[in-house]
Amino acid sequence: MKSCEGEKSEAKANNCEQVDLKTYCNPNYDQTMLDSLNKLRLEEKHCDFILEVEGQSIYVHRVLIVIASPYFAAMLQHDVKENREGKVKFMDVKAPALKAIIEYIYSGKITITEESVESLIFTANLLQIDWVRHQCEQFLKSKVKLTNCFTIRRIATVHSCEEVLNHCDKYILKYFPRLINLDGFLHLPFEEFKALITHDDLYVQFEENVYRSVLKWIKHEPEARKVHLAELLGYINLPNIRSNFFHSHILTEPLFKHNIQCRGVSTDSGTDCSLDSFQSTRRTHQRYGTPHVVFVGGADKTWRPLKTCKMYDIYSGKVSTISPMREGRRNISIVSLHGFAYCTGGYNGERVLKTAERYDPIIDQWTQVTPMNYAHSDHGSCIYKDHVYVIGGDRNPSVEYYNPTTNKWYNCPDIPSKYFMGNQADVIGNSIYSLGDVQNRKVCINRFDPREGRWYKLDNNTEFVCHFGLVAYDHSLYCIGGWPQSRSNLCKRFNVRSNRWEMLSPINVGRWGQSALIIEKEIYLFGGKNGKSVTTVERYDIEQDEWIIEAAINIELFKGKAALTYHRIFEPQHAIKFNGHTHTHAHYYTHPVNEQHRQGLMQDRNKVNFVTLV
């Protein structure tokens, strides 16, 4: 029997021995083991199972595929033919996909391309390898764009990829106006097409786009689809379609004349599609967007032309940066047409420009259109009959207009007055009005009638001012601010019917080189200079003749321009659920191998525990 003292000494010795123990971990063990196993596979050594696919044989280790794939685990735990023969033959699997997944099982890495992703998803689903499936889904989401969103959506539907399907549906709802001409859109089945155009979260930009989509979809297969025409027309909010479009397109559409159920459209402007169905403010905002102001170009403090652009949300007061123009320019002009913003001419620091760019707020992208026939700077521009008119400029009397359909510019008669420091232009009724300073230090107003192709002089006696803001509202032209300094806070309007000027309340902060817009029956004034940059935004209440400073926002904009566009501000709350279910660069994916993986390798010499591979 040991003494108490001896027992204490032994316990102490044991404690000391335990303290001296230290465990070491090889940081390269997991990768070394995987590499060794893969080498054995490639050399077909110690392999005990064969995968046959498309006439090829893939040699593998039974234990490893059982651990990595529940599919193989279920197959090889019973006395089935494949287990007895040591091989399995795949009928519907692509050889490259199966090889890629076996490579992943042995290496933790997989390569995904747009060509291989669908077969990889199918094979990963079959073998129940969730990590590979997830990487394929993330890859698909990253590749969604205008030209393939319907293709990727089909893949997601076929393979039950809910996350990808929801992503595609939200993308389609958001970019609908740019998708209606694509083949994928035209091939939608009736129920899916109907679900799309009636969805609460659909952004159409203009109701005309819904009408166009219906006509394009019907005419793609007219005999089979015309039976749906009357029902689909019922989903178009006809009262929100512009009158000129209604008369020039809808009333003249032959499909309606030959369809008994639709003949009423020829005489009825849509009383059955009342605005009551659109009384929800949220749905209206979702469908048409909300007013946003695009600020384009201008000059910095050193007069260097800028290409930077921003967007201002009138409702939320938020300002965000958007894609820059392709080249810096100041002294520009910009207008909005059919949801696009067209920026023309300007000065790039070296020369006056002929170039013009178009901004698409839906995809946040600038593209160049055909250059103008003449270079313009400090010029006016406006929209008349769906054409972009560019008028005059600094010592430039030339006038031309752009047809977006033909992507061409056409010349018009020159302005009778040659402006000395530029001009501004706007439209009232069927006339284009141009205001600018002339060499006798007066402001001259000219009116152009596009129907006659003729200019008329209206007024040449207004006191000199230049670099002012100009907007048209009702029957008046509003001339705001400008240079010289003594007139920088003046605001007056010219009534085109009475041919008379009227002085209005002055703006709070004098400025020149600013931009003015009409937004929901009020005048907004952005940017300008008055010794230094003016960043305050002012809003004019026309009925009250009152200027109000918008304290919530500051915009720095000098010799640039602003244009009004409508833009989506809400994210879709739910996906479309069409079906009731909720040469390219390769992407390389590596599965993370953690401590659990490393420890598992040593738990059982007869069972390699790659739990992190599945």
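Asn 403 has Lys 408 of strand E15 as its bridge partner. This pair belongs to a predicted model, in which local features need pLDDT of at least 70, side-chain atom pairs count only at pLDDT 80 or more, and totals for chains, interfaces and linings use all residues. Residues are numbered from 1 along each chain as its sequence is written, and side-chain values use heavy atoms, without hydrogens and water.

Strand E14 (residues 399-403) is joined to E15 by five bridges, and the two run antiparallel; strands count as paired if DSSP finds at least two bridges between them. Both belong to an open sheet of four strands, ordered E12-E13-E14-E15 with antiparallel pairing. At its edges lie E12 (380-384) and E15 (408-412), each pairing on one side only. For the chain as a whole, 19 helices and 29 strands are found, taken as DSSP runs numbered from the N terminus (helices: H or I, at least four residues; strands: E, at least two).

Now to the open space. The largest pocket holds about 1600 Å³, the volume being the space filled by probe spheres set on grid points joined across faces, edges and corners. A pocket here is an open set of points on a 1 Å grid over the protein atoms alone, where a 1.4 Å probe fits, with protein on both sides within 12 Å along at least five of seven lines; lining residues have an atom within 4 Å of a point. Of its 50 lining residues, Ser 336, Leu 337, Ile 383, Ile 518 and Leu 564 are the closest to the centre. Strand E28 (residues 561-567) gives the most to this lining, with six residues.
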